[in-house]
Amino acid sequence: MRLKHISWVEGKNRYLLPVSKTGAGKFITVEGQDGAGKTTNIKFIEDVLRGYGFDVYLTREPGGTDLGEILRRLVLQEHELHIDALAELLIIFAARAQHLSERILPALSTGAWVLCDRFTDATFAYQSGGRGLPWSHVEVLERMVQGDLRPDLTVLLDVDPETGVRRTRQRSNTEPDRFEAQKVGFRRKVRKAYLDLAQSDPGRIRIVDASAAVRDVQVQIRRVIERFIGDAGTG
Ligand code: TMP
């Protein structure tokens with residue numbers, strides 16, 4: 001990702017931000033179905049990156065800004081509220097637009113490495129794969145909201161749906177959110193969409209078998225991150 005390439009929006013350079021002397025940072029996302037172990041492993045990735053001396057900006061979606069966190073609560077916690085699938089998609093992209101302009105792009109422009117807990121691959125997986133909205137709806141909004149911006153690297157923590165359900169249950173002493181509450185069939189569709197995405201973009205999306213023990217998962221993750229750092233020529 002180069003910031004120079006994301007000037008866009010009706011001829012205005014809305015996303016053309018000054019690039020620091022050290023150059024633009026990298027944009028890394030972590031994905032996977034609920035119960036895949038994102039929380040533990042994102043912290044691990046942050047530690048690995050900091051160990052290499054990078055300035056890391058850790059954030060999440062939906063959320064990451066004041067507005068985004070309000071929209072997150074709406075989309076995840078409001079069990080009584082009926083939210084149409086298309087409305088849900090638009091809310092998620094509204095949160096993303098705010099997140100990009102307020103946090104992600106400014107952080108990248110200072111040379112920070114942005115580490116984001118989920119991004120648009122989750123929208124393909126959940127709103128298209130899971131909810132059944134057309135893939136093209138997500139593509140249209142992706143282009144509208146992000147221009148050419150895509151993550152430089154995506155770590156996909158892959159587990160089978162049954163493991164995901166089991167881990168979500170074990171972990172949570174709170175009420176499951178609107179997605180965690182979905183049945184195995186929904187998770188199966190989410191997983192398939194993630195794997196389809198990985199197959200279509202293998203250079204960016206690296207699959208990690210997250211069904212193994214944490215230590216083994218982290219060996220795989222470290223390998224992916226160190227290889228990325230090496231390829232980026234910044235290690
Ligand atoms: P998490 O941050 O605990 O993983 O929860 C976020 C939930 O939001 C998760 O169940 C997936 C869902 N989600 C979507 O449905 N679409 C999206 O684009 C994103 C970012 C998350």
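**Exercise 1. Work out how helix 1 and helix 8 pass each other, and which residues meet there.**

Solution. Keep in mind that this is a predicted model.

Step 1: start with the handedness. The crossing of helix 1 past helix 8 is right-handed.

Step 2: list the residues. Helix 1 brings T40, N41, F44, I45, V48 and L49 to the contact, while helix 8 brings V214, V217, Q218, I221, R222 and I225.

Step 3: Helix 8 spans residues 214-232, and its axis comes within 10 Å of the axis of helix 1, with a crossing of roughly 45 degrees. Angles under 35 degrees would count as roughly parallel, and 65 to 115 as roughly perpendicular. The two helices are therefore oblique to each other.

**Exercise 2. Describe the sheet: what is the order of its strands, and how do they pair?**

Solution. 

Step 1: Five strands make up an open sheet, arranged 2-3-1-4-5, with parallel pairing.

Step 2: find the edges. Strand 2 (56-60) and strand 5 (205-209) each have a single partner strand, so one side of each has no neighbour in the sheet.

Step 3: On average, neighbouring strands are turned by 20 degrees against each other, direction ignored.

Step 4: zoom in on one pair. Strand 1 (residues 27-32) and strand 3 (residues 113-117) run parallel and are joined by four bridges. In this pair, T29 stands opposite C116 of strand 3.

**Exercise 3. Find which strands helix 1 and helix 7 lie across.**

Solution. 

Step 1: take helix 1, residues 38-51. This helix lies across strand 1, strand 2, strand 3 and strand 4 (153-158), and runs at about 175 degrees to strand 3.

Step 2: turn to helix 7, residues 184-200. Helix 7 lies across strand 1, strand 4 and strand 5, running at about 130 degrees to strand 5.

**Exercise 4. Decide how helix 2 and helix 3 are oriented to each other.**

Solution. 

Step 1: note the distance and angle. The axes of helix 2 (residues 66-77) and helix 3 (residues 85-109) come within 9 Å and cross at roughly 160 degrees.

Step 2: apply the cut-off. Angles over 145 degrees count as roughly antiparallel. Helix 2 and helix 3 are therefore roughly antiparallel.

Step 3: Helix 2 passes helix 3 in a left-handed crossing.

Step 4: see who meets whom. From helix 2 come L67, G68, L71, R72, L74 and V75, which meet E88, I91, I92, A94, A95, Q98 and H99 of helix 3. Of the residues in this contact, eight are nonpolar, three polar and two charged.

**Exercise 5. Look for backbone details: where is the cis peptide bond, and which residue other than glycine has a positive phi near 75 degrees?**

Solution. 

Step 1: the cis bond joins E61 and P62, with omega about -10 degrees. P62 sits in the loop between strand 2 and helix 2.

Step 2: the residue with phi near 75 degrees is R118. R118 belongs to the loop between strand 3 and helix 4 (120-130).

Step 3: for another positive phi, look after helix 5 (residues 135-146), where G147 follows with a value near 60 degrees.

Definitions and conventions. Residues numbered from 1 in each chain as written. Predicted model: local features only at pLDDT ≥ 70, side-chain atom pairs only at ≥ 80, totals over all residues. Pairing = 2+ DSSP bridges. Axes fitted to C-alpha atoms, helices over the stretch in contact; angles between N-to-C directions. Contact = placed C-beta atoms within 7 Å. Left-handed = near helix turned anticlockwise from the far one by under 90°. Nonpolar A, V, L, I, M, F, W, Y, C, P; charged D, E, K, R; others polar. Expected span 1.5 Å × (residues − 1).
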